[in-house]
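Student: I would like to learn how to read a structure like this one, feature by feature. Could you take me through it slowly, giving the general idea before each case?

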Amino acid sequence: MRRLRPVNRKARQIDDHIAATQGDIVGLQQGGPQPRPHIPMGCSLVFMPGWEVDAAGGTAGLCQPVERDLYDCYVTCFWPAQVPDHLNNYPDWTAKCATATKDWRNIDLVFP
Amino acid sequence: MTPLAPLEAHTFEAAGEPFAYLPSGAVFQLPRSAQLALDLLREGALDQQELLEGLIARGISAGEAEETVEEMRGARLIGGEDAAPAMEEQPVTPFPLQTLVLNLTNQCNLSCQYCYEFGEDRVATPEGKPKFMDWETAQASVDYLFVQAAGRRAVSITFFGGETLMNFRLLERVVEYAKVRAAEGGQYVDFSLTTNGTLLTPEIIEFLANENIGVTVSLDGPPELNDKLRVFANGRGSYGVIAPKVRALLARHTTRPIAARVTLTAEVTDVLGIFKHLKHDLGFTEVGFAPVTTSSNRLYSIGPQGLDRVLEQFRFLAEEYRDHALRNETHGFSNVSDTLTEIHQGVNKSHPCGAGLGLVGIGPSGDIAPCHRFVDSDAHALGHVSTGIDTARQADFLHRGHINRKYDCHTCFARPLCAGGCHHEAFVRYGDTGHPNLHYCDWIRDWTALCLRIYGEIAARNPAFLNHF
């Protein structure tokens, strides 16, 4: 809260509750107040292919192939069981992709 | 858009700052923008856009206005028809036991006229029951506690009476046994007792100090006040016997704060004099006061004027307490520290206390009662240590005492703390443990308002002190 001051413990619990229910959903970014304006991770601005959609609201017109959405999951282990997973089954999936912004075309589709 | 209106809140000022105390138990300090919003909505319901425009027209920036209104809605200071209704929150079941009050005996060597166990308003029916708890019952009670308290890291055993120390040998055995039981389960067990102090001996004091047992002494002040009602069976006052023993206790037992517990009656309302004597002349760490529990027609019952006198003196002590707190010193007026603790936690009680829930009293016969005040009363027994608690009776007791059932309380700002007041007092006054204690509502509200102000002043001027709670 920036305006009301929570004084006792219950007030602080309510503050936490409000923050938890009203704040943006922010992957991999926990604790502390969220900076504004907020740029979600995975936005194409930072070249983390992942959560963006095209102008029509789908994925067909994206500037990158949709399978590249998996890249972010793969690198950061964001999903609990992403496919491809780099721990067990596809340790070399990004072996030919030294720099994502340049080499993203070298990442192949995966058919488990 | 749904019109917004102020929701229920007790607003107050402390140290020149505005605060709000909410039915949730939360305390917020309000910025000017929030006060303006409340003022605007008190003039008439507005929708969110109108409220924002009203705030902006009064010089609040658009961003601040929006944040203020959103936060006030979240805190439930304001809301529309869509504001979620209060939830009925029944206690978690099963609710693990935390505190066992063992009435080691129902016998006492004093004959205080106002005693709720023996006096005119007693609920106990001890006829034909054991006068002293035996070892088998005590052992079964401790076993019962540890079975029922599964999952708790710490449990408490409080020894009570009658006069607790009339069965000191049993107390010693229980302490020894409970420590073993606690160690087996990796739990911690805390002990405390209440006594009238007349039977303290050097040996007992040594034991209490060595075992780190919390002690509360029932005592009503200097001799001229204490001896009005706290007398032996022959009418002789008890102060002369108690005072030297209490001094010896306070000199030796320094591991825990030793408290005096004062019962206020019609002729014993000199709170300031009593506090001064017990705190400074005798040296108690803490002194707490409670008006006698009685039906209103007893001669020793405190009338409304007496209670006003008491509140006036409580106010004086509470302000002394605040001054001590601002200097980071302890004061010892436990009525204030107990209330501040609950305010700081932000409690919002479904029941006035843990009786029949996290706490039970066990009488010498092994009967389980909601608390020590109902021990030995057939009408209120909830079960027996050998067979456990009768869940239907327990549910009935808890249902009666639930705040949702006390309609008179539903518009009172003090209900998160009071929840209708003592079950036992309600039974003595109204014949129903679930009846709100309407005879002291005004008093409780004044007291709560006073403690909120003291809390706000400490929060504004020395917030670090609140870490004690």
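Student: How many bridges join strand E6 of chain B to strand E12 of chain B?

Tutor: In general, strands of a sheet pair through backbone hydrogen bonds, either parallel or antiparallel. In this predicted model, strand E6 (residues 99–103) and strand E12 (residues 359–362) of chain B run parallel and are joined by 4 bridges, and Leu100(B) has Val360(B) in E12(B) as its bridge partner. Strands are DSSP runs of E with at least two residues, helices are runs of H or I with at least four, and both are numbered from the N terminus; two strands pair if DSSP finds at least two bridges between them.

Student: Which order do the strands take in the open sheet of 10 strands?

Tutor: The order in chain B is E11-E10-E9-E8-E7-E6-E12-E13-E14-E15, and the pairing is mixed. Its edge strands, each pairing on one side only, are E11 (286–291) and E15 (388–389) of chain B.

Student: Before we go on, how should I read the numbering and the values?

Tutor: Residues are numbered from 1 along each chain as its sequence is written, while chains are lettered from A and ligands numbered from 1 in the order in which they are written. Because this is a predicted model, local features need pLDDT of at least 70 and side-chain atom pairs count only at pLDDT 80 or more, whereas totals for chains, interfaces and linings use all residues; side-chain values use heavy atoms, with hydrogens and water left out.

Student: Which strands make up the open sheet of 4 strands?

Tutor: That sheet has antiparallel pairing in the order E1(A)-E4(B)-E3(B)-E2(B), with E1 of chain A and E2 of chain B as the edge strands. Strand E1 (residues 5–6) of chain A pairs with E4(B) in the antiparallel sense over 2 bridges, and Pro6(A) stands opposite Phe28(B).

Student: What area do chain B and chain A bury between them?

Tutor: The size of an interface is often given as the accessible area lost when the parts come together. Here about 1800 Å² is buried, 52% of it on carbon and sulfur atoms, where buried area is the accessible area (1.4 Å probe) that two parts lose on being put together, summed over both. On the side of chain B, Phe28(B), Gln29(B) and Glu71(B) lose the most area to chain A, together 31% of what that side buries. Counted by contact (heavy atoms within 4.5 Å), 27 residues of chain B touch 15 residues of chain A.

Student: How many salt bridges does the rule find across the interface of chain B and chain A?

Tutor: A salt bridge is a side-chain nitrogen of Lys or Arg within 4 Å of a carboxyl oxygen of Asp or Glu, and the rule finds 3 across this interface. One salt bridge joins Arg2(A) and Glu67(B), at 2.8 Å from N to O. Four elements of chain B, namely strand E4 (27–29) and helices H3 (62–74), H11 (334–345) and H15 (441–461), each supply at least two residues of the side that touches chain A, and H3(B) gives the most, with 7 residues.

Student: Where in the chain do the partners of the salt bridge between Lys129(B) and Asp378(B) lie?

Tutor: Their side chains meet at 2.7 Å, N to O, and the pair links distant parts of the chain, 249 residues apart. Lys129(B) is in the loop between E6 and helix H4 (135–148), and Asp378(B) in the loop between strands E13 (367–369) and E14 (383–384) of chain B.

Student: Which backbone values deserve a second look?

Tutor: Most residues other than glycine have a negative phi, and most peptide bonds are trans. Ala15(B), in the loop between strands E2 (10–14) and E3 (17–21) of chain B, has a positive phi near 50 degrees. The peptide bond from Gly161(B) to Gly162(B) is cis, with omega near 20 degrees, and Gly162(B) has its place in the loop between strand E7 (154–160) and helix H5 (168–184) of chain B.
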